[in-house]
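Hi everyone, thanks for coming. I'd like to walk you through a structure I've been looking at, so let me put it up on the screen.

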Amino acid sequence: MAMLSNLDLIRRVPLFSLLTGEQAQSIAEGVVKRRYRRGEVIVEQGTKSNALYILLTGRARVVTADARGREVILAVLQPGDYLGEMSLIDNEPHSATVRAEVQCDVLVLGRPEFARCLPENSSLSYAIMRGLVARLRAADRQIESLALLDVYGRVARALLDMSEEGAEYKLIRNKVSRQDLAKVVGASREMVSRVMKDLEERGFIQTQENGSVHIMERLAHR
């Protein structure tokens, strides 16, 4: 690999297969090669790295973890795969950590060079990309929730995700269907009903006559 130029490496990456010669050359001039040792973190959940990473050799795990350090493997990346694009598109922190399983050689493309490959911010295609990233982040959260949280935790997270900021507390304006909530959190309707009743009795939530739900601040810190 040491004998190959950046342009040669770019042409071997499926992500860049549709680039014109001029575009490929522009990308090649903007990338740097980096090597990660086994166990080394490439990107870390909750941080921003402002770069796109393309795996040339090796293998890496995409994992998400809770506050107690318990991890769920979301994906295993192979040569040709890339990471960091979600954070670059929506400018939010990484939703997961990527760690090298074995020694990995990576091409790193910075934010300015990546931005030149994107459509204009005002374009429909850019809006669609941001929408897709939002869905992917929601899917990552759902996988993490199902794997790491008990039913109480999953119901609490689902309620917070459904809520919006009100004047004094978070608010879910529409009636919360126990059946739909059960499908979201992967539990029975009966179990969700028991959890909701317990949350109400303990003062975490208040269900109004019209079916809307007021969420007390302490639920977010449960």
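First, some housekeeping. This is a predicted model, where local features need pLDDT of at least 70 and side-chain atom pairs count only at pLDDT 80 or more, while totals for chains, interfaces and linings use all residues. Residues are numbered from 1 along each chain as its sequence is written, and side-chain values use heavy atoms, with hydrogens and water left out.

Now the strands. Helices (H or I, at least four residues) and strands (E, at least two) are DSSP runs, numbered from the N terminus. Two strands pair if DSSP finds at least two bridges between them. Please find strand S7, residues 97-100. S7 runs antiparallel to strand S2, residues 41-43, and two bridges join them. Here Val 43 has Val 98 as its bridge partner in S7. S7 also pairs with strand S4, residues 60-65, again antiparallel, over four bridges. In that pairing, Thr 97 of S7 stands opposite Val 63.

Next, my arginine. Where does Arg 137 sit? Its place is in helix H5, residues 124-148. And is Arg 137 buried or exposed? It counts as buried, because its relative accessibility is 15%; the cut-offs are under 20% relative accessible area for buried, over 50% for exposed, and partly exposed in between, with a 1.4 Å probe and protein chains only.

On to helix H7, residues 178-185, where Leu 181, Ala 182 and Val 185 are buried. They lie on the same side of H7, because they cover an arc of only 105° around the axis, taking directions from the helix axis to the C-beta atoms. Just after H7, Gly 186 has a positive phi of about 70°.

Last stop: Val 195, in helix H8, residues 189-201. With 1% relative accessibility, Val 195 counts as buried. Leaving aside residues up to four places away in sequence, Val 195 touches Val 151, Tyr 152 and Val 155, where contact means heavy atoms within 4.5 Å.
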